[in-house]
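Here are my notes on the model you sent over. Have it open while you read, and let's start with a question.

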Amino acid sequence: MGAKPQRRQPRPPGGGASTEAGSRLDRFRYEYGAEPLHLLATVASLAVFAYALLRIIELPATAGILLWLAGAIVAHDLIALPLYSALLRVAEEGAGLTVEPRRRALLTLNSVRIPTALSLLLLLISFPLVFKLDARAYELTTGLGLDRYLGNWLLITAALFAVSGLIAAVRLRGGRSRRPMLTRKSRRPPQPEPSRILTALARAVLAAAALLALWVAALAAYGLYSSFPL
Amino acid sequence: MARGTAPRGPLAESERARRPPQPMPPRRGPFDRDFWRSPLRGRWLTSLLGSALLPLLVLCGITGFLSHAAYDPNLGSNDVTGGFDSGLYFFDWPTSPVWLYSVTQGLHVLSGLAAIPILLVKLWSVIPRLYERPAAPSLAKGLERLSVATLVGSAVFLLATGTLNVLYWLPFPFPFVPAHYYAAIIFVAALTLHLALKLPLLAAAFRREGLRPLGEGIEMMRVADPDEDSLAPTNPAAPTISRRGLLAAVGAGSLGIVALNVGTNLLPALRETALLSPRGQSYGDGPNDFQVNKTAAAAGIEPQATGAEWRLELVGGERPLELSRSDLLAMEQRTERLPIACVEGWTTYQDWTGVQLRELARLAGHERAEVLVESLQEAGAFRQATLNRGQVDDERSLLALRVNGAELSLDHGFPARVIVPALPGVHNTKWVRRMTFTAV
């Protein structure tokens, strides 16, 4: 199944065994694009998929389930990933432009973006608690309140940044530049300056990120205030 | 040959015929392979992430289907998925070891959560594939991509709905259990095919490179060859992090999630370290101060229904019996240390005191029986549960009246609740009203 001959380039009949069966197999490979076993495995897998779909159709709120299954792809591949890629790109360019030399710029960049990513990851698996999205249901079900979670998340975030800063400080002091950077040369001529649209987009994303950061900061202040009123 | 300068005359046709096929129009944006510039991408990185993800997903899958089995979907109305595939769960869920469900379900939730950062980065590592054109150069490739779509959709769906269910925020318009269950079946089918097709590539990447790329710091990092490796960048940017740096960050995320959640299940002594878990909070240190799955208020239990007039109905014998709470307290009492282990991945061990279920079965005239336990709760999928023969017969299975030497609190099921070793928490019915025994 591993070898998948290209369509339009049928594999020459193997050895001297150019029997009729062999050529029919080659014909199949040519038309289908892979070995017969590939078709068998794919059809078996899709049959189980079809079974699950049939079961889902009998459930209440079928449309909701299908929408969420398709929405999962859209939300990740077409929204979340482009968004964080754009943010990363803005951060990389920002660090590269403002900090010299490159080694110091990279250390700074990573000492900020790694704890940020980890903090957002923790938020991803706890945001309904942190932002009290359905506090009434939680309180009714468990008999507990949601007050502690925003503070906990902020404390963990602070700890992540502290550790990261410490590591960066040690590495900045300790290591002198060892060897020059080796990067593979681009095979294309150097890229022209990014287009104005891209630049404007990058600025817009940066502005959105700043607004988001402000919003998170405001929430944090509010959460801290409600946890520890003055 | 430039356009507009085609030779005229008798040779023109044959000249045109010999012209090589026209190149495809240039692709733009993400459809242009040069758009994807990260020097980290390549088969080796994807393979390493895949080999970290695989054991977690296998563990999560096995423990997930075990959880379905633990609800004994063949009995009574235990099956809430409405499927006829409950026939696959041919065995009765055992009662030993008592921590069985606590561990399998704890591992289910932990492995699912720990998979999240690895899955995200793995999807990032293969995102250029989404934009490859033509989308289906052959029928084989087209079917494969359809299957990959079901793989990505079901994986993200499972992790999202599972996490939200654990967090008590249910913004989705469908019942969680059957949706999660059938999405898991889609996932298993797609993952199996994915492994059959991709494991040879993974093996080849490791045979070729071993773990050598882990030794490369950012200064010495090699970029994969785009001619041999379709995931490698054709137009690589200068690296801003090494592969091992990225992997270390992903590993830290995954381990951090485990560390922040393990206190709710596998290591209950460390509950307070579960800082971001909905079940990390302490209720206090009184005898009834432990995790409540659903309060009496949420279940709609009227306190007066649990007063002195409360009677336990025992049905299934020659004639129904009614027992008051003092009748039950007059029977032989037994104390067992047993866990409540919830499907959401949290566990709490307590000392329960009450009457053995098998004594109640004998009272109803049965030696070997299943039992349908019904609650005072009026609505909800789990206001009743059917227990299998082995669970009724186990000497540690109790109708608990007291906990940690005190009366049960209303939130913990006063006047009486079921507690059975290794049973999913929600099947340990609270506020028991009626028990119907059936000989088997």
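Which residues does B:Phe157 touch, not counting residues up to four places away in sequence?

1. This is a predicted model, and B:Phe157 has partners in both chains. From chain A, the residues are A:Ile65, A:Trp68, A:Leu69 and A:Ala72. From chain B, they are B:Gly162, B:Phe174, B:Ala179, B:His180 and B:Ala183.

2. B:Phe157 also turns up in the largest nonpolar core, which has 96 residues. Together with A:Ile65, A:Leu122 and B:Trp352, B:Phe157 touches the most other members. The element that gives the most to this core is helix H3 of chain B (residues 100-126), with 12 residues. There's a second, separate core of 30 residues, and B:Ala299, B:Val371, B:Leu387 and B:Met435 are among them.

3. Now for the sheet. Chain B has an open one of 5 strands with mixed pairing, in the order E2-E1-E10-E5-E6. Strands E2 (321-323) and E6 (384-387) of chain B each have a single partner strand, so one side of each is left without a neighbour in the sheet. On average, neighbouring strands are turned by 20° against each other, direction ignored.

4. At the E2 end, strand E1 (residues 312-315) of chain B runs antiparallel to E2(B), and 3 bridges join them. B:Leu314, for one, has B:Leu321 in E2(B) as its bridge partner.

5. How far to trust it? The predictor gives the complex an ipTM of 0.90 and a pTM of 0.86. Chain B averages a pLDDT of 91, with 93% of the residues scoring at least 70. Among the elements of chain B, strand E9 (residues 417-419) has the highest mean pLDDT (98) and helix H1 (residues 12-18) the lowest (48). Residues 1-16 of chain B are below 50, and this stretch has 6 contacts in the model beyond near neighbours in sequence.

Definitions and conventions
Residues numbered from 1 in each chain as written. Chains lettered and ligands numbered in written order. Predicted model: local features only at pLDDT ≥ 70, side-chain atom pairs only at ≥ 80, totals over all residues. Heavy atoms only, no water. Pairing = 2+ DSSP bridges. Helix = DSSP H or I, 4+ residues; strand = E, 2+ residues; numbered from the N terminus. Axes fitted to C-alpha atoms, helices over the stretch in contact; angles between N-to-C directions. Core = buried A, V, L, I, M, F, W, Y, C linked by side-chain atoms within 4.5 Å. Buried < 20%, exposed > 50% of the residue type's maximum accessible area, 1.4 Å probe, protein only. Contact = heavy atoms within 4.5 Å. pLDDT = per-residue confidence, 0-100.
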